[in-house]
Amino acid sequence: MGKMWEGRFAKALDSQADDFNSSIHFDCRMFRQDIQGSVAHATMLAAKGIIDAGDAQAIIAELGHILADLDSGALSIDFAAEDIHMFVEAELTKRLGDVGKKLHTARSRNDQVAVDIRLYLRDEAEGILQQLQTLLDAILFQAKQHKQTIMPGYTHLQRAQPITFAHHLLAYGMMFTRDMDRIKDAVKRMNVSPLGSCALAGTTYDTDREMTAKALGFDGIALNSIDGVSDRDFCVELLSAFATVMMHLSRFSEEVILWASWEFKFIELDDSYTTGSSIMPQKKNPDIAELVRGKTGRVYGDLMAMLTVLKGLPLAYNKDMQEDKEAIFDAIDTVKQCLTVFPPMIRSMKALPENMMQAAQKGFINATDLADYLVKKGMPFRTAYKIVGQIVAYCIANHQVLEQLSLEEYRQFEPRFEQDVYEQISLQTCVEKRISAGGTGLASVEKQIAYLEQFLS
């Protein structure tokens, strides 16, 4: 296939250099958006009298045929083309002759690729938002069943205070709502049309950029043509949002891996989302969660690659910017793949409340509640804190837990202890009396569930 730009050159591009320069092997996925942008452009050219209305109608009709042929498989992408833009234009010209050559009037590949990638990322972001909704549904499904399932909460991976399993899961729910908001915010800033910026300086033709922007569903136009073709901030923003999604998935995966281990045994993963060992028949490995955790680094790398490509570029367009696509495409593919398997893994996992309760009964996670008991009897918190620390040390030395100490033993440390101390330090009470907003108490957990349901609706 000849090059659209070859008129200036006396000799052909070296074949290896041509392969190195080509982007069609990865930008071919934007064929739908490229045709969508071309239809809007042709419509505008006719409306402004820049090309004949009949020619525009022929171009638009044939672009529709090309799209249909690509979708059906009747037409295959020619990977000898330099990029998807050149392939579509060459195919259009093959079918319409000189009429097809009129499509590229008043535009450049610089603004063409800039509009294509915005359209493509907008579509893909919407799909990822829907996948995150599915994940939130799975979290809510589990949370509603375990609003009163007590487990130990941790700090420093040490048992800290009693919480409910629902409360813990809902923390991830809140993270993913923020992820969805970040993606929506990035799409909002991305949703301006660079079409009509041309190579960098605009065009001498009397075009209507607002018309094409509206036709393509953009909120407006890029106000500076140089910025229009050189801006890839939206790729950085989306990659950052995707990296944060993966970070949250990775943290969640780490806990799933811990919870599924024999050392914790808080959950049982469904067989559909685990694998076995080739030599150890007893093994049930959380490979899906481990892979999600591992793939997080891949998306981080995509973000760093994008930032590095852009950091030293002068304005306007440079060929370096061709590197934007492989990074953002890889991140999209990775996030989508992870969000395909993660929600059903969470929905199908089985919680083991008895094991959670047994773990909660150890580790003195009601020690803060014991200190609060003394505070309510009139003692300063720091004094109560010290006394409870001494009681915990006594329990450890005597192989007991707080619930097992006799009232006489309690009174050796402080005479204000009464029989009601046992009710106050029961794990159920410790959870129920945490009435502060956002806490692990039942009323708060139900409000959190209602918030996430409202968010999804």
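Tutor: One definition before we start: buried means under 20% relative accessible area, exposed means over 50%, and partly exposed is in between, using a 1.4 Å probe and protein chains only. This is a predicted model, where local features need pLDDT of at least 70, side-chain atom pairs count only at pLDDT 80 or more, and totals for chains, interfaces and linings use all residues. Residues are numbered from 1 along each chain as its sequence is written, and side-chain values use heavy atoms, with hydrogens and water left out.

Student: OK. Is His156 buried or exposed?

Tutor: His156 counts as exposed because its relative accessibility is 77%.

Student: Where is it?

Tutor: His156 is in the loop between S1 and S2. Helices (H or I, at least four residues) and strands (E, at least two) are DSSP runs, numbered from the N terminus.

Student: How do S1 and S2 run, and how many bridges join them?

Tutor: Strand S1 (residues 150-155) and strand S2 (residues 158-164) run antiparallel, joined by 6 bridges. Two strands pair if DSSP finds at least two bridges between them. They make a hairpin with 2 residues between the strands. Pro152 stands opposite Pro162 in S2.

Student: What's the phi of His156?

Tutor: Positive, about 55°, although His156 is not a glycine. Lys265 also has a positive phi of about 55° and is not a glycine either.

Student: Where does Lys265 sit, and is it buried or exposed?

Tutor: Lys265 is in the loop between helix H11 (233-260) and strand S5 (267-268). Its relative accessible area is 14%, so Lys265 is buried.

Student: Switching topic. Which peptide bond is cis?

Tutor: The one from Leu315 to Ala316 is cis, with omega near 10°. Ala316 is in the loop between helix H12 (287-310) and helix H13 (323-348).

Student: How many disulfides are there?

Tutor: The count is 0. The cut-off is a pair of cysteine sulfur atoms within 2.5 Å. For Cys235, the nearest cysteine sulfur is that of Cys28, 17 Å away. For Cys430, the nearest is that of Cys395, at 14 Å.

Student: Are Cys235 and Cys430 buried or exposed?

Tutor: Cys235 is buried, at a relative accessible area of 0%. Cys430 is also at 0% and counts as buried.

Student: Now H5. What length should it span?

Tutor: The expected span of a helix is 1.5 Å times one less than its number of residues. H5 covers residues 84-96, so its 13 residues should span 18 Å; the end C-alpha atoms are 18 Å apart, which agrees.

Student: How many of its residues are buried?

Tutor: 10 of the 13, so H5 is largely enclosed by the rest of the structure. Among the buried ones are His85, Phe87, Glu89 and Glu91.

Student: What covers them?

Tutor: The cover includes helix H2 (24-27), helix H3 (31-47), helix H4 (53-72), helix H6 (98-101) and helix H7 (109-145).

Student: What caps the N-terminal end?

Tutor: Asp83, with a side-chain oxygen 3.1 Å from the backbone nitrogen of His85. Just after H5, Gly97 has a positive phi of about 70°.

Student: Which residues touch the most other members of the largest nonpolar core?

Tutor: Leu121, Ile183, Phe242, Leu249, Phe252, Ile267 and Ile328, out of 72 residues. A nonpolar core is a set of buried Ala, Val, Leu, Ile, Met, Phe, Trp, Tyr and Cys residues joined through side-chain atoms within 4.5 Å.

Student: Which element gives the largest share?

Tutor: H11, with 16 residues.

Student: What does Leu249 touch?

Tutor: Leaving out residues up to four places away in sequence, Leu249 touches Leu135, Phe176, Val292, Cys338, Leu339 and Phe342. Contact here means heavy atoms within 4.5 Å.

Student: Last one, Pro343. Where is it, and is it buried or exposed?

Tutor: Pro343 is in helix H13. At 3% relative accessibility, Pro343 counts as buried.

Student: What is Pro343 in contact with?

Tutor: Setting aside neighbours within four places in sequence, Pro343 is in contact with Gln131, Thr134, Leu135, Ala138 and Cys338. The C-alpha atoms of Pro343 and Leu132 are separated by 8.5 Å, though the two are 211 residues apart along the chain.

Key
A polar contact is a pair of N or O atoms within 3.5 Å; within protein, one must be able to donate a hydrogen and the other to accept it, and residues adjacent in sequence count only if both atoms are side-chain atoms.
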